[in-house]
Amino acid sequence: MKSLQATELQTSLLQATDESEALEALHELGCTDGLPVVVPTPERVERMVLASGLSADIDLGAVGPLGGAATVDKVATAAVMAGCLPDFMPVVVAAIQAIITDEFDSTEVQGTTHCLSPVLIVNGPARHSCGPIASGYGCLGTGHRANLSIGRAVRLVMRNVGGAIPGVSDMALHGQPGKLAMCFAENEEDSPFTPLHVSRGFAADQSVVTIAATESPQSVIFSQEADQPDRAKNLLRILGKSLARVGANNAHLGAGTGVVVLNPDHANLLAEAGLSREDVAEGIHAEAHNLAKDLTDVGSFVARSSKASPDDLLRAFQKPEDILVVVAGGLGIYSMVMTSWGAGPSRNPAISVEINIDQACAVPWATS
Amino acid sequence: MLKAGAMIRFHDPRGVQATPPEPYELALENNRPTLGLLSNGFPDSENFLQIVGQVLAERMPEATIVHYQKPDPSIVASEEVLNQVASRCDALVAAYGH
């Protein structure tokens, strides 16, 4: 990861007669996501910087396609605008540290005509101390302040610091709702598996944000009686087929990062069959494929499929590790999958970064 | 909208470019060059090169601008197109959309 370096702070302040006029000015400048924002007054931004435990002039890195410097000052500005509490700031900073990596490749991710946007998955103690970040009912929906404002802050950095303007430098043909915010926590307490971040090499007591640029979440329905002997296998199958839908980029390109959000019932069903998180990812990977002819029959423009023999199996992902299996959501018969992009030099990998909550400062929020 | 002597100040959220653009230093000796513009086939690269072509035509009225386009973004440019570019153009600008 990029080392933290101080830079010459280039804070510029705008002026307006009151908050309403300031809000309209931010809309006119194209600095909002279309929804109202909290006006980033110096006092509010200063508090958010203080909460990060970092100096305002530290440059976390450049965000493409503009290559704007994501200083702590600019990140704090976005966090204020998004409606974050100061407690949320360490998660926002860690997510930006993931966004600015070469592997994430924000220039490619933001510039593509595809609709992808990062989903943030939070593990470890920060789920509570930097939130609470919801992991249960509606964790990908509305009503959870930390989920939405943390995700929104990251998106505002990508827009304002990264210069991603729809139709100008963010060339997504349609965009998607996840371009507003997409953040949730893993329900580690109700998961039968080791937490996601432990599977990715971190200690259980570390706090980690994992980001992957994906399409919107899509529902997967699955319900079978407990005495159905193949139900674990069938669940893996329907999840794999959902991730390999023939309209998804990754079905054609065979790369990218897929996300599977298992509800606790589905996770327990798989665990009762003796499967670990890694086994589940491997099982889904094995089922996430299409016959070459199924892709060429729908007019796949990718040469990869046309070079194959009609009955060749073309996998939708390169390896099982490219499928993130997470436990979250309420109980029931639905899980979620997020299909992927799979293009760019790095092929759209997931990035995990530790959330540094030890350096964070407790700062009360203020209304001024 | 933004007034002098205002009552409230707030941070400008827009980023400052961290790395200055690199100057383009190659030059043509031909005073009446033929400039090729090759799109990889994605609409954003085509749109971009349309604008590049308009700007070049304004700034270099003596130049001939020729647009080329790959029919399929996933394949390399055909030998036919490459031969046309090599035989006709003094310079080529390729745009990569995705």
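Two strands count as paired if DSSP finds at least two bridges between them. Strands here are DSSP runs of E with at least two residues, helices are runs of H or I with at least four, and both are numbered from the N terminus.

## Ground rules

This is a predicted model, where local features need pLDDT of at least 70, side-chain atom pairs count only at pLDDT 80 or more, and totals for chains, interfaces and linings use all residues. Residues are numbered from 1 along each chain as its sequence is written, chains are lettered from A and ligands numbered from 1 in the order in which they are written, and side-chain values use heavy atoms, leaving out hydrogens and water.

## The sheet

Chain A has an open sheet of 4 strands, ordered E6-E5-E7-E14 with mixed pairing. E6 (183-185) and E14 (351-354) of chain A sit at the edges with a single partner strand each, so one side of each has no neighbour in the sheet.

Inside chain A, E5 (residues 117-123) pairs with E7 (residues 208-214) in the antiparallel sense, over 7 bridges. On E7(A), A:Ala213 is the bridge partner of A:Pro118.

## The helices

Helix H7 (residues 145-160) of chain A lies across E5 and E6 of chain A, at about 135° to E5(A). Angles run from 0 to 180 degrees between N-to-C directions, with axes fitted to C-alpha atoms, for helices over the stretch in contact; contact means heavy atoms within 4.5 Å.

H3 (residues 72-82) of chain A also meets H7(A): their axes come within 8 Å and cross at roughly 130°. H3(A) contributes A:Val75, A:Ala78, A:Ala79, A:Met81 and A:Ala82 to the contact, while H7(A) brings A:Ser149, A:Arg152, A:Ala153, A:Leu156, A:Val157 and A:Asn160.
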